[in-house]
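The paragraphs below go from charged pairs to other charged residues, and then to positions in the loops and helices.

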Amino acid sequence: MVGQRIAMDLLGGVQIVRQRSDVWWPFGIFHGTYQGHIDFVWGRHQADRLRKNHNRLDYCIITGFIYDYTFPKSRVRGAQVRKRLREAGSNLIVCLYDNVLFNKIHFSESQVREFYQAFLDWADDDPSVGLIVKSKKPQILQRMSDIEARISHLESSTGRCVVMDSQTQAATAAFGADFAVGIGISSAVTEAVVGGVRGIHCDLRCLRSHEYYDWGYERFIFDDVHRLIEALKRYQTDPVENSTLGDFSPIINGIDPFRDGRAGERAGQYMRWLHEGLEQRLNREDVLNRANGHYIEAWGDDKIIDMQQIDDGMGMNTRFYNSRKAIP
């Protein structure tokens, strides 16, 4: 990535990267990793994380969740799964997302096992609970053969469990559920939340430096799976009294301010503006300023973040805003 950025700088071109998932790492781990003149990000939260790690980016363009165009079809299939689980007697449906197993970086097998066992125990004890299992990779459950057997038994004997294949969109599984719950700071949960589903991060690694602990501890992030399940039980008994569980509404605009299914359209239009500037033989700075100016006019001053300046607190990047007016 660094080599590509150097090459594009020398050639006068524009390197574009995009936010693929809602990955969060503690400060410094990815110091300077992300390189590009333009980064399409879902929302301001991602840009703030990138800035703290001193990544070599010129501008973050806030587009919204880049795959939101898939949501309409995902909702249809999710509704079908939901109907099936309801007919089996489930009145509270939880979608479960696991993650890769790797003892030194992501999650240990014991953590993922604890996660699944807690929810399977609950579903075994309570015939009104339904589960949708969306594993990240087939090998994860295959590696835990006893967990895989319990999931299969619940699915075949009660009908209150549906296992989605690994190629299914994460949001498809969530759209069949009342809650999306993922182990760790789960990108799949964030996608579900953008789609309007209540979401909960089950952070068994206890990464308490994450801002979610300040904003929603034991509301949308838990560090104990059993306390999480107790909170779900309280919601099941009294949804009104426990209405804040899984509710990201206070911070959702920082994750994705649009949520309108048009993220790809915005990114595509921005790239067309870049292409037009390059065809006019403008230099790179003017190409970027021209495209940024058009984007601001279309979507607002706060949707472009100058990554080489400190934000003035008002969503404005004064150097960029003044310079772009001269570009046609």
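A salt bridge is counted here when a side-chain nitrogen of Lys or Arg lies within 4 Å of a carboxyl oxygen of Asp or Glu. The structure is a predicted model, in which local features need pLDDT of at least 70 and side-chain atom pairs count only at pLDDT 80 or more, while totals for chains, interfaces and linings use all residues. Residues are numbered from 1 along each chain as its sequence is written, and side-chain values use heavy atoms, with hydrogens and water left out.

Side chains of opposite charge can pair when their charged atoms come close. By the salt-bridge rule, the count in this model comes to 18. One of these pairs joins the side chains of glutamate 230 and lysine 233, with 3.4 Å from N to O. Because glutamate 230 and lysine 233 are 3 residues apart in helix H10 (residues 225-237), about one helical turn separates them. Helices here are DSSP runs of H or I with at least four residues, strands are runs of E with at least two, and both are numbered from the N terminus. For the accessibility of each residue, buried means under 20% relative accessible area, exposed means over 50%, and partly exposed lies in between, with a 1.4 Å probe and protein chains only. Glutamate 230 is partly exposed because its relative accessibility is 38%, and lysine 233 counts as partly exposed because its relative accessible area is 32%.

Another salt bridge links the side chains of arginine 113 and glutamate 109, at 2.8 Å from N to O. Both arginine 113 and glutamate 109 belong to helix H4 (residues 109-125), where they stand 4 residues apart, about one turn of the helix. Glutamate 109 has a relative accessibility of 22%, so it counts as partly exposed. A further salt bridge, 2.7 Å from N to O, is formed by the side chains of arginine 262 and glutamate 265. Arginine 262 is partly exposed because its relative accessibility is 35%, and glutamate 265, at 43%, is therefore partly exposed as well. Elsewhere, salt bridges that share partners join Glu109, Arg113, Arg143 and Asp146 into one network.

Which residues form a positive surface patch? The patch is made up of Arg18, Arg20, Lys136 and Lys137. Patches consist of residues with over 30% relative accessible area and no salt bridge, where like charges are joined within 9 Å and nonpolar side chains (Val, Leu, Ile, Met, Phe, Trp, Tyr) within 5 Å. In this scheme Lys and Arg count as positive and Asp and Glu as negative, whereas His and the chain ends are not counted.

Is histidine 37 buried or exposed? With a relative accessibility of 1%, histidine 37 counts as buried. A polar atom of the histidine 37 side chain lies 2.9 Å from the backbone nitrogen of glutamine 15.

Threonine 168, in the loop between strand S6 (161-164) and helix H7 (170-174), is buried because its relative accessible area is 7%. The side chain of threonine 168 makes a polar contact, at 3.3 Å, with the side chain of arginine 77. A polar contact is a pair of N or O atoms within 3.5 Å; within protein, one must be able to donate a hydrogen and the other to accept it, and residues adjacent in sequence count only if both atoms are side-chain atoms.

Isoleucine 185 occupies the loop between strand S7 (179-183) and helix H8 (187-194), and isoleucine 185 is buried because its relative accessible area is 9%. Although isoleucine 185 and isoleucine 221 are 36 residues apart in sequence, their C-alpha atoms are 8.3 Å apart in space.

Cysteine 206, in the loop between strand S8 (198-202) and helix H9 (212-216), has a positive phi near 60°. Arginine 281, in the loop between H12 and helix H13 (284-299), has a positive phi of about 65°, and arginine 281 is exposed because its relative accessible area is 77%.

Terms used
Accessible areas come from the Shrake-Rupley method with a 1.4 Å probe; for residues, only the protein chains shown count as cover. The place of a charge is taken as NZ of Lys, CZ of Arg, CG of Asp or CD of Glu.
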